[in-house]
Amino acid sequence: MNYEELIKKMALEDERFVVMTAENRALIRNLPKVLNERFIDTGITEQTMIGAAAGLALRGRIPVVHALATFLTLRAFEFIRTDVGIGNLPVKLSSFVPGFLSDGNGPTHQAIEDVSIMRGIPGMQVFCPADEQDMLYALPKIWTSPSPSYVRINIRKSEYQHDKNFEIGKAEVISKGSDVTILVYGMLFDETLKTKQLLESKGLSVGLINLRSLKPIDEAAVLDAVKNSQLLVTVEDHFLTGGLYSILAELLLKNQLTANVLPLALNERWYKPGLLSEVLSFEGFTGEKISEKIIKELDKKVISKI
Amino acid sequence: MTEATIKELQTTAIKVREHIIKMSTDGGCFIGASLSCADLLVYLYKEFLNVTPTNLKDPNRDYLFLSKGHDVPALYGTFAELGFIEKDRLKNHLKSNDHIYWHPNRNIPGVEFHSGSLGHLPAVAMGVALDCRMRKQTNKIFVITGDGELNEGSVWETILVASAYKLGNLTFIVDRNQFQANVATEELIPLEPLVPKFEAFGCNVQRIDGHDFKALDKAFRALPTNGDKPNVIIADTMRGKGLPSIEARADRWFCNFTHDEITSLIQELHGEGKTEIGSETLTVR
């Protein structure tokens with residue numbers, strides 16, 4: 001099963017589903033001939049597509065809407081906020097090449113504020129699956145929820161076997177650890193798995209949490225890590241402002257807690273474009289580089305075991 | 001259309017204009033744009049649309065979306081006259097115990113969707129039109145835009161797409177009152193010639209006097225039932241229509257009149273004298 005096959009299956013079983021795209025067909029090329037009129041390509045018109053999706057939702061449809069992440073969230077932002085958000089309509093936003101996944105496209109295509117702006121819309125749910133399997137476990141629940149949603153589409157394969165029982169608002173706790181807990185979402189999950197192994201090989205107790213649901217966030221899982229780990233690390237292909245680091249800060253403040261936090265994010269800048277492997281290495285987001293930063297931080301702030 | 005029907009429509013339109021004037025005090029409203037489309041709304045709801053207070057949940061009803069939004073006093077005035085809402089409810093204008101404010105809210109029976117941000121509802125209406133066609137319904141979908149609203153690129157984007165999808169069940173109505181917020185459209189971003197613009201975008205276009213019920217009736221009855229082009233009806237109207245003291249004036253956009261001015265304006269509506277307007281009416285909104 002892949003992304004396209006999942007939509008096809010769900011749409012054939014439930015005629016409420018319509019598939020829309022602003023001429024981004026990479027993952028859904030075979031759907032026009034299967035869904036016929038329920039496949040609507042509005043051309044390069046993100047605003048019109050979102051407005052029309054709201055109209056379709058008013059009629060009881062569930063539009064699953066596709067565009068490149070930046071154009072979907074930024075060009076059409078006011079339509080999402082005003083038509084989908086105020087209307088509280090079940091429009092399902094699927095964003096292609098979010099975060100580091102736009103690798104060589106350059107800053108015009110770098111959706112690294114998407115989590116920030118989407119979670120700012122009342123009622124909008126936000127999900128960033130770790131890989132294809134994680135995403136395929138999540139989408140059926142996300143698409144049949146009555147809420148509007150934003151999903152960072154991620155079709156990367158991983159060796160990791162995820163918990164198939166995805167729940168909206170629940171994190172996937174991979175491990176608990178007393179020295180450090182890594183909070184991560186999206187495609188960087190795989191890198192942090194390597195980080196976890198590297199740190200464990202040095203004798204550290206490492207927690208890893210896959211925040212597959214960013215809004216609603218799994219408050220209990222995050223607070224548990226806050227209470228039981230000496231250091232928290234947020235890892236995200238997103239601006240430092242408004243993403244996971246901000247979510248954590250809001251949670252801490254709300255609960256009158258404090259913590260040692262190392263945020264790994266893009267601070268007030270876009271990333272250097274290149275092939276994904278180059279980007280990860282240059283920006284310091286490979287498993288190895290993340291582990292080096294964590295060790296340095298532990299040395300600086302926390303009584304280290306190393 | 002019989003003379004008797006025309007008389008009835010005129011009588012209702014006068015009552016709707018009274019409601020609009022009454023909403024132009026204690027906070028005020030966008031009176032100019034409301035008065036320009038009052039005749040259009042009265043005609044549509046009273047005479048043409050298959051929309052009644054009792055069929056608002058029927059998926060086969062016609063749909064009318066008010067995209068220009070700030071003319072909502074005309075819509076609510078029409079709803080009050082036709083029994084969608086209690087007339088008394090209009091007194092809740094700008095009160096927090098109701099949903100009656102400067103732009104449409106879906107909690108008011110008859111409002112299909114909220115608006116306020118220009119250039120949105122053409123696309124929303126197109127989504128509804130796409131679904132109605134998928135379900136092989138024969139109802140019609142209308143969206144009223146302002147003429148200033150045609151500055152918004154999203155309107156033209158939607159018309160391109162509606163044309164590509166051959167949505168003959170969709171009609172864009174332009175309330176061509178010649179003004180945007182502060183100035184005449186032709187002085188700022190000239191729109192004319194409008195008919196060939198819409199035609200070039202693949203639409204079936206009519207242009208009529210938006211205050212002439214006979215002309216309105218002829219145009220709407222002429223809409224094809226199985227057309228393969230989106231329709232455009234440009235209704236030439238006058239900002240502030242019905243009140244000579246504010247008609248066709250750039251500075252009568254958002255007005256918050258005194259109670260005395262309101263009394264005088266209602267007399268003026270009935271042909272009794274002209275109002276001396278002393279209150280400051282241009283407000284930042």
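**Entry 1: a strand and its partners**

How many bridges join β1(A) to strand β2 of chain A, and do the two run parallel or antiparallel? I looked this up and found three bridges between β1(A) and strand β2 (residues 39-41) of chain A, which run parallel; two strands pair if DSSP finds at least two bridges between them. Within this pairing, A:V19 stands opposite A:F39 in β2(A). I then looked for strand β3 (residues 62-68) of chain A, and noted that five bridges join it to β1(A), again in parallel, with A:T21 standing opposite A:H66. Helices (H or I, at least four residues) and strands (E, at least two) are DSSP runs, numbered from the N terminus.

**Entry 2: what I am reading**

This is a predicted model, in which local features need pLDDT of at least 70 and side-chain atom pairs count only at pLDDT 80 or more, while totals for chains, interfaces and linings use all residues. Residues are numbered from 1 along each chain as its sequence is written, and chains are lettered from A and ligands numbered from 1 in the order in which they are written. I noted scores of ipTM 0.96 and pTM 0.96 for the model. For chain B the mean pLDDT (the predictor's confidence in each residue, from 0 to 100) is 96, and 98% of the residues of chain B reach 70 or more.

**Entry 3: back to β1(A)**

Is strand β1 (residues 17-21) of chain A mostly covered or mostly open? I found that five of its five residues are buried, where buried means that 20 or more other C-beta atoms, placed from the backbone, lie within 10 Å of the residue's own. In a regular strand the side chains alternate between the two faces of the sheet. Here A:F17, A:V19 and A:T21 point one way, and A:V18 and A:M20 the other way.

**Entry 4: the two domains of chain A**

Chain A is divided into domain 1 (3-152) and domain 2 (172-301), with bounds from an automatic or database domain assignment. I noted that their C-alpha centres lie 27 Å apart, and that 24 residues of domain 1 are in contact with 26 residues of domain 2, contact meaning C-beta atoms, placed from the backbone, within 7 Å. On the domain 1 side, the elements that give two or more residues are α6 (114-119), β5 (125-127) and α7 (132-144) of chain A.

**Entry 5: where the chains meet**

The contact takes 17 residues from chain B and 22 residues from chain A. On the chain B side, α5 (121-134) and α6 (153-164) each supply at least two residues, and the largest share, nine residues, comes from α5(B).

Note on methods: Contact = placed C-beta atoms within 7 Å. Buried ≥ 20, exposed ≤ 12 C-beta atoms within 10 Å, placed from the backbone.
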